[in-house]
Amino acid sequence: MMRPLWAAAALVASLAGCSTLDALNPFSSSGPKMAELQPIQASAEARVLWSDGVGRSEDYTLIPAVVGSTVYAAARDGTIVRLEDGQPAWRIKAGVTLSGGVGADARMLVVGTAKGEVLAFSTFDGSPLWKAKASSEVVAPPALSSNLVIVRTVDHRLAAYDASDGKRRWLYQRPSTPLSLRVTAAPLIIEKYVFVGFPGGKLMAVSLDNGAPLWEGTVALPKGATELDRVADVTSVPVIDGRMICAAAFQGRIACFDLGNGNLIWSRDISSAAGVAVDSRYLYVSDDKGAVHALDKASGASLWKQDKLFLRRLTAPQPLRNMVAVGDVKGVVHFLSRDDGSFVARLNTDGSPIRAPLQRLGSSLLAQTSKGSVLAIDAQ
């Protein structure tokens with residue numbers, strides 16, 4: 001069964017794997033069907049630069065970490081690998097099954113488990129450094145600063161642990177909602193801030209030093225007659241462009257705020273659980289119906305829309321030179337022209353869903369599939 005996008009806040013663990021939202025499930029026996037891919041006139045050649053296997057993520061989204069040219073990837077069975085130019089430098093077993101992807105810097109990598117364990121390992125040789133206990137399941141990659149590890153749990157708590165020994169330094173919690181999406185997006189650390197999205201369409205900035213709330217931005221307001229209709233959660237990592245921060249909400253909007261004070265700059269009614277990306281020209285978003293949009297960064301005005309990937313459960317867009325790439329539920333990476341959204345190249349991986357967002361890896365992209373393929377890809 002497919003892992004659900006939503007669960008009752010108090011029953012996240014018991015509901016996991018037992019329900020789906022037909023509107024967002026391309027394999028549902030009822031409702032609209034996923035678009036079949038049509039032939040394209042490729043103007044670029046997509047290719048795999050290198051690949052390795054880490055192991056299956058099963059129904060979880062295990063996001064890899066990129067630190068310079070080094071990749072750290074994890075599998076559900078506890079396998080963690082460090083890859084240098086596609087070659088394993090080391091491979092370890094964590095000794096537990098993993099539910100949260102990898103957060104890493106030059107010194108350490110950190111992963112999480114469904115039992116709320118936070119495990120830190122040395123990036124040098126994979127040796128264990130410390131273990132801490134979180135309040136509930138960890139499905140998002142931790143975020144690392146110079147002296148803290150920030151962990152988000154499925155009960156919508158944000159906790160900071162000392163990077164040297166794993167002792168908890170602060171805890172931030174917001175009121176829960178009856179229904180909420182499972183969030184696999186890491187907290188975002190910028191300067192003195194930690195940015196994180198919450199149920200109810202809120203983007204929060206809290207102090208990195210002590211977890212105190214600094215400002216709150218409303219990305220979307222819940223609306224509708226039922227609790228399901230009123231789910232309006234920020235589930236993806238926000239993006240920074242200069243002094244502007246932008247985020248998207250499921251069943252809500254895209255909104256951009258002043259980085260320092262949270263004042264709203266502009267908003268646009270587009271629902272997205274996958275998230276947004278930005279380059280020197282545009283802001284891009286994959287919406288919940290499988291369309292990719294390019295928007296004007298200054299105003300949110302539409303520039304183009306690619307709607308031929310209906311219900312293919314796209315990742316957030318990832319810009320690459322004069323293109324923007326998205327992965328889909330069939331393991332296909334689509335390269336679009338950033339000028340008009342037309343298809344310029346397509347790459348098939350191993351046929352399993354690409355749930356983890358595509359990431360920049362130098363001048364190429366990194367993808368990890370549900371079967372555990374880790375690939376550096378490019379199109380030129």
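# Hairpins, ring pairs and a disulfide in a predicted model

Strands β7 and β8 form a hairpin in which three residues lie between them; strands here, like helices, are DSSP runs numbered from the N terminus, a strand being E over at least two residues and a helix H or I over at least four. The model is predicted, so that local features need pLDDT of at least 70 and side-chain atom pairs count only at pLDDT 80 or more, while totals for chains, interfaces and linings use all residues. Residues are numbered from 1 along each chain as its sequence is written, and side-chain values use heavy atoms, with hydrogens and water left out.

Three bridges join β7 (residues 100–104) to β8 in the antiparallel sense, where pairing of two strands requires that DSSP finds at least two bridges between them. Within this pairing, Ala-104 has Leu-109 of β8 as its bridge partner. On to the next strand, β8 pairs with β9 (residues 117–122), again antiparallel, over five bridges, and Met-108 stands opposite Ser-122 in β9. The hairpin of β8 and β9 has four residues between the strands, and Gly-116 in its turn has a positive phi of about 80°.

How many of the five residues of β8 are buried? Five of the five residues of β8 (residues 108–112) are buried, so this strand is largely enclosed by the rest of the structure; buried means under 20% relative accessible area, exposed means over 50%, and partly exposed lies in between, with a 1.4 Å probe and protein chains only. In a regular strand the side chains alternate between the two faces of the sheet. In β8 both faces are covered, with Met-108, Val-110 and Gly-112 buried on one side and Leu-109 and Val-111 buried on the other.

A further strand with covered residues is β18 (residues 202–207), where six of six residues are buried. Lys-202, Met-204 and Val-206 point one way from β18, whereas Leu-203, Ala-205 and Ser-207 point the other way, and all are buried. Strand β17 (residues 193–198) runs antiparallel to β18 and is joined to it by six bridges, with Val-206 in β18 as the bridge partner of Val-194. Three residues separate β17 and β18 in their hairpin, where Gly-200 takes a positive phi near 85°. The hairpin of β18 and β19 has five residues between the strands, and here Gly-211 takes a positive phi near 80°.

Leu-188 lies in strand β16 (residues 188–190) and, at 16% relative accessibility, counts as buried. Leaving aside neighbours within four places in sequence, Leu-188 is in contact, meaning heavy atoms within 4.5 Å, with Tyr-193, Val-194, Phe-195, Val-237, Pro-238 and Ile-240. The C-alpha atoms of Leu-188 and Val-239 are separated by 8.7 Å, although these residues are 51 apart along the chain.

Aromatic rings provide another set of links. The structure holds seven aromatic pairs, counted when ring centres of Phe, Tyr and Trp (its six-membered ring) lie within 6.5 Å, with planes under 30 degrees apart called stacked, over 60 edge-to-face and the rest tilted. Tyr-284 and Trp-304 form a tilted pair, 6.2 Å from centre to centre with 45° between the planes. Tyr-284 lies in strand β25 (residues 282–286) and Trp-304 in strand β27 (residues 302–306), so the pair ties together parts that are 20 residues apart in sequence. Tyr-284 is buried at a relative accessible area of 0%, and Trp-304 counts as buried at 8%. Elsewhere, ring pairs link Tyr-193, Phe-195, Trp-215 and Phe-257 into a cluster.

Which cysteines form a disulfide? Cys-246 and Cys-256 do, with their sulfur atoms 2.0 Å apart, the criterion being a pair of cysteine sulfur atoms within 2.5 Å. This pair links distant parts of the chain, Cys-246 in strand β21 (residues 244–248) and Cys-256 in strand β22 (residues 254–258), 10 residues apart. The torsion about the S-S bond of Cys-246 and Cys-256 is about 110°, so the disulfide is right-handed. Both Cys-246 and Cys-256 are buried.
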